[in-house]
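Please look over the structure first.

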Amino acid sequence: MEINLADKLKSLRKEKGVSQEKLAQYLNVSFQAVSKWENSNTYPDITLLPDIARFFGITIDALLQAEKIDERALYQTYEARACEQYRNGGREGLISLWQEASHKMPNNIEVKEMLMSAYFDADAVKYQKEIIELGTEICNSDAGSYYKGQAIDQIARTYGECGDGHMAELWARKAGRIMHCQEMILMQVLTDGKKLTEVFSYANYWFLNQLCYMAMGLCGNSDIPGGTAYAQEVERAVIKLYEVVYPGDDMGFEDLRLMCMMHCFAAEDELSLGRDEAAVKYELTRALECAQKSISVEAHDLSHPLVKNWHVMAAPTDRKQIVRFMKGRLEEGCFDSCREREWFHQMRLKIETLLY
């Protein structure tokens, strides 16, 4: 035991002004037993600790001089470190960071959720066992709906990525339906104007964000009715929504990443459908604009009514991640037919300028 219980007992007895015999009588043990405890020859039986603490009017933690951890403050420290690491592309290292946090706070639901997400973001197939174990723990706990929803989401998607469609769908159907989601219900029951606008902005921001991901899911599925042409119509519709809600591409770093990706997918679809080269050029130009703007994102609140006062964080220390992504996309084979065009050459030169 890494505590000095002997000194603590002596100190407490002196403060109380009681003898070893008095303490021994209360605990129904011999005064020799108390003497041995105070001389560090033996320790009290664990079952006596509550009675000893009660006798001196303190907690067992205080008796054992156990260090109290401010879990809220400790979690926030890890969260800040993880946020900076994530935003700068160091996602692999998040696993060890949250494993360390889990060792210090083994029952903390937020830590469990962050460790599960770190495994998922790194490699859902490789860490399938860990994701499902942590996610199941969260689902079986008294955690709030957000944490259970996050666990269901990542367990289902992990099964999907591992090729187990049956289990993926089984878990997906455990999630709450959109018509009964917390934000929609709160909008019907809240009367406080400030809270109403906060929920409204929060819901709209995340609905748009998830709509974007769902649209990208359609882009990658050749079996959907309407095929690539339908997927492209969805892409355009989502992009237009973003342009309305985020005029002038006034959005956060991660949303600029999504828009850059969406425009790149749209350009690929234009090529696969044999459309006009001008359409491909337009989509890639817009993708590059989003990548360029991502470099200069500063912290501020959004102003459009649908997302009013939603706070946008400044770009991470590594501000050129999206530009590097754009550079990689232009090197894909699907753009070979554009490679000799002057506009394409100028686009690549601009990217090199932004990077160096």
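This is a predicted model: local features need pLDDT of at least 70, side-chain atom pairs count only at pLDDT 80 or more; totals for chains, interfaces and linings use all residues.

Residues are numbered from 1 along each chain as its sequence is written, and side-chain values use heavy atoms, with hydrogens and water left out.

**Helix H4**

Helices are DSSP runs (H or I, at least four residues), numbered from the N terminus. H4 spans residues 49-56. Its buried residues (under 20% relative accessible area, 1.4 Å probe, protein chains only) are Leu49, Ile52, Ala53, Phe55 and Phe56. They lie on the same side of H4, because they cover an arc of only 160 degrees around the axis. That arc is taken from the directions from the helix axis to the C-beta atoms. The buried residues pack against H1 (5-16), H2 (20-27), H3 (31-38) and H5 (60-64). Contact means heavy atoms within 4.5 Å. Gly57 follows H4, with a positive phi near 70 degrees.

**Asn209**

Asn209 sits in helix H13 (residues 193-219). Asn209 counts as buried, at 7% relative accessibility. Leaving aside neighbours within four places in sequence, Asn209 contacts Tyr242, Asp255 and Leu258.

**Cysteines**

A disulfide is a covalent bond between the sulfur atoms of two cysteines. Here it is counted as a pair of cysteine sulfur atoms within 2.5 Å. The count is zero. Two cysteines show why: in each case the closest cysteine sulfur is too far for a bond.

Definitions and conventions: Helices (H or I, at least four residues) and strands (E, at least two) are DSSP runs, numbered from the N terminus. Buried means under 20% relative accessible area, exposed over 50%, partly exposed in between (1.4 Å probe, protein chains only).
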